[in-house]
Amino acid sequence: MSDIMLVSHRLSSSELEALANQHFGDMIKGVIDIQTGKLALGAELHADAELLLLQEGCQQETLWGFNIYIDSPFPDNIEFDSMINIRPRQNNRSRHIEDVEIQQKIVQLLTPFLS
C-alpha cells in the first residue's frame, strides 16, 4: 500500500499524472470518507485505499470509492464506481453510488484537492 497517497493538499496536474501512471495511465482509483473528508488516491484496488483509511480511524459506512479520469475536466472526470460501494444494508445495491446526495458530497469534498 506504499503507493497510496493520503491527500492533504491541492494536487497539481503532474501529481495526478504520476498517480495515474502508477497503475492505469489515465485513471486514478480513490476512496473518500464523506464524514471526515479524508482522501486516499492511487491504489491498484479501491479496497486497498479503503483499508488504509480504516487504519486511519475512518468508519467503513462513510467510505466510498470512485475513479478520476485525468484527461477530463473536474467534476466530469469523476466516476462513482467501485466494488466497495456495493452495500445492500445502505441501500446501494450496485458498484455505482446510487444516492445523488452522496455523489454531490464527494464532489464537494474533492473540489479543494482537484479543481
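1. Of the 115 residues in the protein, buried residues make up 43%, where buried means under 20% relative accessible area, exposed means over 50%, and partly exposed covers what lies in between (1.4 Å probe, protein chains only). This is a predicted model, in which local features need pLDDT of at least 70 and side-chain atom pairs count only at pLDDT 80 or more, while totals for chains, interfaces and linings use all residues. Residues are numbered from 1 along each chain as its sequence is written, and side-chain values use heavy atoms, with hydrogens and water left out.

2. The secondary structure comes to three helices and five strands, and from the N terminus on the elements run β-α-β-β-α-β-β-α. Helices (H or I, at least four residues) and strands (E, at least two) are DSSP runs, numbered from the N terminus.

3. On overall dimensions, the C-alpha trace spans about 40 × 30 × 25 Å along its principal axes. The radius of gyration of the protein is 13 Å, which agrees with the value near 13 Å that a compact globule of 115 residues would have; this radius is taken over C-alpha atoms, and the globule rule is 2.2 Å times the number of residues to the power 0.38.

4. Among the contacts in the protein with a separation of 6 or more, 53% are accounted for by residues 24 or more positions apart, contact meaning heavy atoms within 4.5 Å. The accessible surface comes to about 6,000 Å², and 49% of that surface belongs to carbon and sulfur atoms; such areas come from the Shrake-Rupley method with a 1.4 Å probe, and for residues only the protein chains shown count as cover.

5. Strand E2 (residues 27-33) deserves a careful look. Seven of the seven residues of E2 are buried, so this strand is largely enclosed by the rest of the structure. Met 27, Lys 29, Val 31 and Asp 33 point one way from E2, whereas Ile 28, Gly 30 and Ile 32 point the other way, and all of them are buried.

6. Which strands pair with E2? E2 and E4 pair in the antiparallel sense over seven bridges, and here Ile 32 stands opposite Trp 64 in E4. E2 and E3 also pair in the antiparallel sense, over four bridges, with Leu 41 in E3 as the bridge partner of Gly 30 and Ala 40 in E3 as the bridge partner of Val 31. Two strands are said to pair if DSSP finds at least two bridges between them.

7. Strand E3 (residues 39-43) is mostly covered, since five of its five residues are buried. E2 and E3 form a hairpin with five residues between them, and Gly 37 in the turn has a positive phi of about 85 degrees. Is Lys 29 buried or exposed? At 16% relative accessibility, Lys 29 counts as buried, and this residue lies in strand E2. Leaving aside neighbours within four places in sequence, Lys 29 is in contact with several residues, including Phe 24, Ala 40, Leu 41, Glu 44, Phe 66 and Asn 67. Lys 29 and Glu 44 are 15 residues apart in sequence and 7.0 Å apart in space, C-alpha to C-alpha.

8. Phe 24 is found in the loop between helix H1 (13-23) and E2, and at 34% relative accessibility Phe 24 counts as partly exposed. Leaving aside its neighbours within four places in sequence, Phe 24 is in contact with Lys 29, Ala 43 and Glu 44. Phe 24 and Gly 42 are 18 residues apart in sequence, and their C-alpha atoms are 9.6 Å apart in space.

9. The peptide bond from Phe 74 to Pro 75 is cis, with omega near 5 degrees, and Pro 75 has its place in the loop between strand E4 (63-69) and strand E5 (78-79). Asn 91, found in the loop between E5 and helix H3 (100-114), has a phi near 60 degrees, a positive value in a residue other than glycine. At 62% relative accessibility, Asn 91 counts as exposed.

10. On charge, the mean positions of the 8 positive and 17 negative charges of the protein are 7 Å apart. Lys and Arg count as positive and Asp and Glu as negative, whereas His and the chain ends are not counted; the place of a charge is taken as NZ of Lys, CZ of Arg, CG of Asp or CD of Glu.
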